[in-house]
Amino acid sequence: MNETQRCPWCGDDPLYVAYHDEEWGRPERDDRKLFEMLILEGAQAGLSWITILKKREGYRAAFHGFHPEKVAEMTDDDVERLMQNPAIVRNRLKIHSAIRNAKVFLRMQQEHGSFSDWLWAHVDGKPILRRRSDERVPASTELSDLVSKALKKAGMNFVGSTVIYAYLQACGVVNDHLPGCFLHPARAD
């Protein structure tokens, strides 16, 4: 029997497996998708990723399909409504952060042509491909430190280096599939 080998972190939960196989580590350049992942990664801070994956559709509904223009217009009344919504993580700071980060995201789009252009310029437009053996996946790197610092300086929050490293992995700026995984760069070619 030839079973597909995956990174061990995704286990066998169908939602996690689909995320691993279809999204994680794949280069993403669409601004709306990049905004979605920024909101979700910020929401994940201090929680497990599977918790956020299970609430992803709730987030999509609560945050207007991840349209940054619509999220930026959300009001204190929207925050109060979302604090009663069990389909998302009901954390006032994280909800406010999503609105604040949407405003900054839009400003960065205007300043740089697109958020994608800004983000991918940090790696000259090419994903960082990890080719290690059994080395542990880091919680943060110099790149995540740099991007985190720039996002904070621009006015975002819930964008610490660890959150941003997970974001870079999720958006394929960094490909951290492990050597045994069928999506590892050396095996996926």
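# Notebook: pockets, a cavity and helix packing

I began with the open spaces, and noted that H10 gives the most to the lining of the largest pocket, with 4 residues. I keep in mind throughout that this is a predicted model.

**Entry 1, the largest pocket.** I looked up its volume, which comes to about 370 Å³. The lining is made up of 15 residues, and those nearest the centre of the pocket are Trp9, Trp24, Val137, Ala166 and Gln169. Sorted by class, the lining of the largest pocket has 10 nonpolar, 3 polar and 2 charged residues.

The structure holds 1 cavity of 30 Å³ or more, and the space in the largest cavity is about 110 Å³. I counted 14 residues lining the largest cavity, of which Ile39, Gly42, Ala43, Lys94 and Ala98 are the closest to its centre. Two or more residues of this lining come from each of H2 and H7, and H7 gives the most, with 5 residues. By class, I noted 10 nonpolar, 3 polar and 1 charged residue in the lining of the largest cavity.

For helix H2 (residues 31-44) and helix H7 (residues 92-112) I read an angle of about 150 degrees, with the axes 10 Å apart. Angles over 145 degrees count as roughly antiparallel, and H2 and H7 are therefore roughly antiparallel to each other. The crossing of H2 past H7 is right-handed. On the H2 side, I listed Asp31, Phe35, Leu38, Ile39, Gly42, Ala43 and Gln44 in the contact, and on the H7 side Lys94, Ala98, Asn101, Ala102, Phe105 and Gln109. The contact of H2 with H7 divides into 7 nonpolar, 4 polar and 2 charged residues. I marked that Ile39, Gly42, Ala43, Lys94 and Ala98 of this contact are also the residues closest to the centre of the largest cavity.

I then followed H2 to H10, where the axes come within 10 Å and cross at roughly 140 degrees. This crossing is right-handed. From H2, the residues Leu34, Met37, Leu38, Glu41 and Gly42 meet Val163, Ile164, Ala166, Tyr167 and Ala170 of H10, and by class the contact of H2 with H10 has 8 nonpolar, 1 polar and 1 charged residue. I noted that Ala166, which takes part in this contact, is also one of the residues nearest the centre of the largest pocket.

How do the axes of helix H9 (residues 142-154) and H10 cross, and within what distance do they come? I read a crossing of roughly 110 degrees, with the axes coming within 8 Å, and that makes H9 roughly perpendicular to H10. The crossing of H9 and H10 is right-handed. Leu143, Ser144, Asp145, Val147, Ser148 and Leu151 of H9 make the contact with Ser161, Ile164, Tyr165 and Leu168 of H10, and I sorted the residues of this contact into 6 nonpolar, 3 polar and 1 charged.

Conventions: Residues numbered from 1 in each chain as written. Predicted model: local features only at pLDDT ≥ 70, side-chain atom pairs only at ≥ 80, totals over all residues. Heavy atoms only, no water. Axes fitted to C-alpha atoms, helices over the stretch in contact; angles between N-to-C directions. Parallel < 35°, antiparallel > 145°, perpendicular 65-115°, else oblique. Left-handed = near helix turned anticlockwise from the far one by under 90°. Contact = heavy atoms within 4.5 Å. Nonpolar A, V, L, I, M, F, W, Y, C, P; charged D, E, K, R; others polar. 1 Å grid on protein atoms, 1.4 Å probe; cavity = no way out; pocket = protein on both sides within 12 Å on 5 of 7 lines; lining within 4 Å. Points joined across faces, edges and corners; volume = space filled by probe spheres on them.
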